[in-house]
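Colleague: I am new to this structure. Please take one part, look at it closely, and then show me what lies elsewhere.

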Amino acid sequence: MFILRSIVGKLWITIIGLVAVILMLLGLFLLNYIQTSFPKSQDQIENLHKLAKKVASGISVHSEDDHYITMVNDLLSAQEATVFIVDTQFKQSGFFDDGSLGDLHYDDFFSNQDMQKVFAGESIDNQLEGKAGVKLRANNLYSAVAVPLMDASQQKIIGAAVLYQSTQSVEATQTYVMRLFVYVGIAGFLMTTFFAFFLLTKITQPLQQLRKAADLISHGEFGTRVPIASDDELGELSKTFNRMGEELSDTIKALNHEKEHLSSVLRSMSDAVITFDADGQVILTNPQGYKIVRDWNQLEWNDFDADPDTDPQQSTQLGTIPPPVRPLFEEVINGANEITENLHVKNEVWSIVMAPLHSRDVVRGVVAVMRNVTEEFRLDKLRKDFVANVSHELRTPLSMLQGYSEALLDDIASSPEERQELAQVIHDESLRMGRLVRDLLDLARMETGNLELHIRQVDVGGFMRRMHRKFAVLSKERGITMTLELPEDSLNIQADEDRLEQVMTNLLDNAIRHTPSQAQIRMRAVTVMHMGREAALLEISDEGQGIPAGDLPFIFERFYKADKARTRGTTGGTGLGLSIVKNLVDAHQGTVQAKSMVGQGTTFSVIIPCRQA
């Protein structure tokens, strides 16, 4: 079908179509001429009706003459017509039959019902009435009519005269004329095709030269020119093509100068600049971007989904987009919007700005500007962590200072001993606040393992009673019952009492904040064996809403707030308390665990060895 896609084929189809239209118009005129110049079947039937009536009238008069039918048929044979007689008993009378009828019979043209109509005085023919009033011929070889046959007195119908005539002569003439028209049409198409291709070769040769020249220019040979062989439209097209080649060569030179200037600017930038096409292939980069693409493509990535259509052997090539950048690249390609985001790659943080490159209404690529902001991100994280730690760690002692001071101001204490106890708690908490401020500076050293612990012997019973007394007033104000269960024997551990108090304070503060009124908080201390050594088990159990099982593995992570049962939206928590507990307990070579069921409360278990290894 290549010929139909070329200009030669299209012009040939056009010329052939024009000739076909002309021949169709001539055919319509010729068909109209044949229909008007040759007798139609309806005219033939009408003539047969008239002739049959005359013949039937003659036969009625000369019914006694046996040779009359023979003479009539001899006269009708010149028009390829024949007549025979059918009596009312549907028999072809023998004395009228001259033996020239052959195998034809009246029922070859008419049925008995039709003959009954003739015997009743009606004249009929062998054309049938079809749908929409269309006449259909019963016998396509003959046109036949049947008329009543009267006796000599013209008073009684004694039979029917059937007159038929061959239609072969008219149809043969029409067929011959139509066949001749088809032959002439085929000859016209062949001659038209020959002259069309002869003419079109003179047009396509210059066009082929233009195509070859354009192909050479597309491969970078901008000095290619086409010869001008004529002054017609093709010659003007060749001149215009040559001028276009000269202007294109000048434009390419200007673009090369601009490209060199842009490359100089990119090389001098400290940020990495990388340009990708729509398929994610690198098409332009500066040295910093080259280094990033090269180094990142040589690493193995498990945290990012690889493109299933990318060959693993090609992933280490320079021209492939690195896996960490691909999600952002696809988002820019699909959304056609600029994106600014911080990307964590291994142990570094990169600030990436991606913008789409438009070509009219289509995104043809993406340009990415990348900067290593690891140090800035680390400093910002330290600042945020410090603010979060201060807000979390100072909230509990400040709350207690406010509560006990309000109790003194409202004169709730009825005796000097009670006022002395409240003032002592306030004093202790103010001292603790001073220690907490210093402890905030140690928070960073907790996670690096450089935390200093002042280990000494701690009486677990006295320590637990002090913690119970410390939170008793606060729990009573909230309608919470706090119980304490201690072992009968004395239990001592080696620990930093201030750090251990910080652990229990965080756990009790969480328990009070998340336990409803009229509920109970249980404090318990018991001796257990831990990793082959004697240890103290300190438990804080509440009757709060509990923590979902899916959140339990993450509650000791820093800033974790996803637990639905213990939402901190109303208490302003930052998610640092349990993280501090975990770091302090680990520093004491102990363990901390949480058990919880939704709707039944939570139990935190802290195990501290009695002796440090």
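**The five-stranded sheet**

Modeller: Five strands make an open sheet, ordered S8-S7-S11-S10-S9, and their pairing is antiparallel. S8 and strand S9 (339-345) are the edges. Each has a single partner strand, so one side of each lacks a neighbour in the sheet. On average, neighbouring strands here are turned by 25 degrees against each other, direction ignored. Keep in mind that this is a predicted model.

Strand S7 (residues 272-277) pairs with strand S8 (residues 282-285) over three bridges, in the antiparallel sense. Phe276 has Val282 in S8 as its bridge partner. S7 and S8 form a hairpin with four residues between the strands. Gly280, in this hairpin, takes a positive phi near 90 degrees.

Now step to the other pairing of S7. Six bridges join S7 to strand S11 (residues 362-372), and the two run antiparallel. Val273 has its bridge partner in S11, namely Val369. In general, strands of a sheet pair through backbone hydrogen bonds, either parallel or antiparallel.

A helix covers this sheet. Helix H8 (residues 287-297) lies across S7, S8, S9, strand S10 (348-359) and S11. Its direction is about 65 degrees to S7.

Next, a salt bridge. The side chains of Arg294 and Asp295 meet at 3.3 Å, N to O. Arg294 has 34% relative accessibility, so it counts as partly exposed. Asp295 is partly exposed too, because its relative accessible area is 25%; the buried class is under 20%.

**A second open sheet**

Another sheet has four strands. It is open, with the order S1-S6-S5-S2 and antiparallel pairing. Its edge strands are strand S1 (81-87) and strand S2 (124-125), and each pairs on one side only. Look at the S2 edge. S2 and strand S5 (residues 142-150) pair over two bridges, in the antiparallel sense. There Ile124 stands opposite Ala146 in S5.

Helices lie on this sheet as well. Helix H4 (residues 68-76) lies across S1 and strand S6 (157-166), at about 145 degrees to S1. Helix H5 (residues 112-119) packs on the sheet and touches S1, S2, S5 and S6. The direction of H5 makes about 120 degrees with that of S6.

**A pair of strands with two faces**

Move on to strand S12 (residues 456-459). Four bridges join S12 to S14, and these strands run antiparallel. Asp459 stands opposite Asn492 in S14.

Ile493 and Ala495 make up the covered face. Asn492 and Gln494 make up the uncovered one.

**Salt bridges elsewhere**

The count of salt bridges comes to twelve. In general, side chains of opposite charge can pair when their charged atoms come close.

One of them joins Glu539 and Arg524, with the closest N and O atoms 3.0 Å apart. Glu539 lies in strand S16 (residues 533-541) and Arg524 in strand S15 (residues 520-530), so the pair ties together parts that are 15 residues apart in sequence. The two ends differ in cover. Glu539 has 14% relative accessibility, so it counts as buried. Arg524 is at 26%, so it counts as partly exposed.

Another salt bridge sits within a helix. Asp586 pairs with Lys582, and the closest N and O atoms are 2.7 Å apart. These residues are four apart in helix H15 (residues 577-587), which means that about one helical turn separates them. Asp586 is partly exposed, at 38% relative accessibility. Lys582 is also partly exposed, with a relative accessible area of 29%.

Salt bridges also form a network. It links Arg456, Arg466, Lys470, Glu497 and Glu501.

**A nonpolar patch**

Finish with the surface. Val21, Leu25, Leu28 and Phe29 make a nonpolar surface patch of about 430 Å². Val21 has its place in helix H2 (residues 7-37). Val21 is at 45% relative accessibility, so it counts as partly exposed. Residues in such a patch need over 30% relative accessible area.

Definitions and conventions:
Residues are numbered from 1 along each chain as its sequence is written. This is a predicted model: local features need pLDDT of at least 70, side-chain atom pairs count only at pLDDT 80 or more; totals for chains, interfaces and linings use all residues. Side-chain values use heavy atoms; hydrogens and water are left out. Patches are made of residues with over 30% relative accessible area and no salt bridge: like charges are joined within 9 Å, nonpolar side chains (Val, Leu, Ile, Met, Phe, Trp, Tyr) within 5 Å. Accessible areas come from the Shrake-Rupley method with a 1.4 Å probe; for residues, only the protein chains shown count as cover. A salt bridge is a side-chain nitrogen of Lys or Arg within 4 Å of a carboxyl oxygen of Asp or Glu. Buried means under 20% relative accessible area, exposed over 50%, partly exposed in between (1.4 Å probe, protein chains only). Two strands pair if DSSP finds at least two bridges between them. Axes are lines fitted to C-alpha atoms, for helices over the stretch in contact, and angles run from 0 to 180 degrees between N-to-C directions. Contact means heavy atoms within 4.5 Å.
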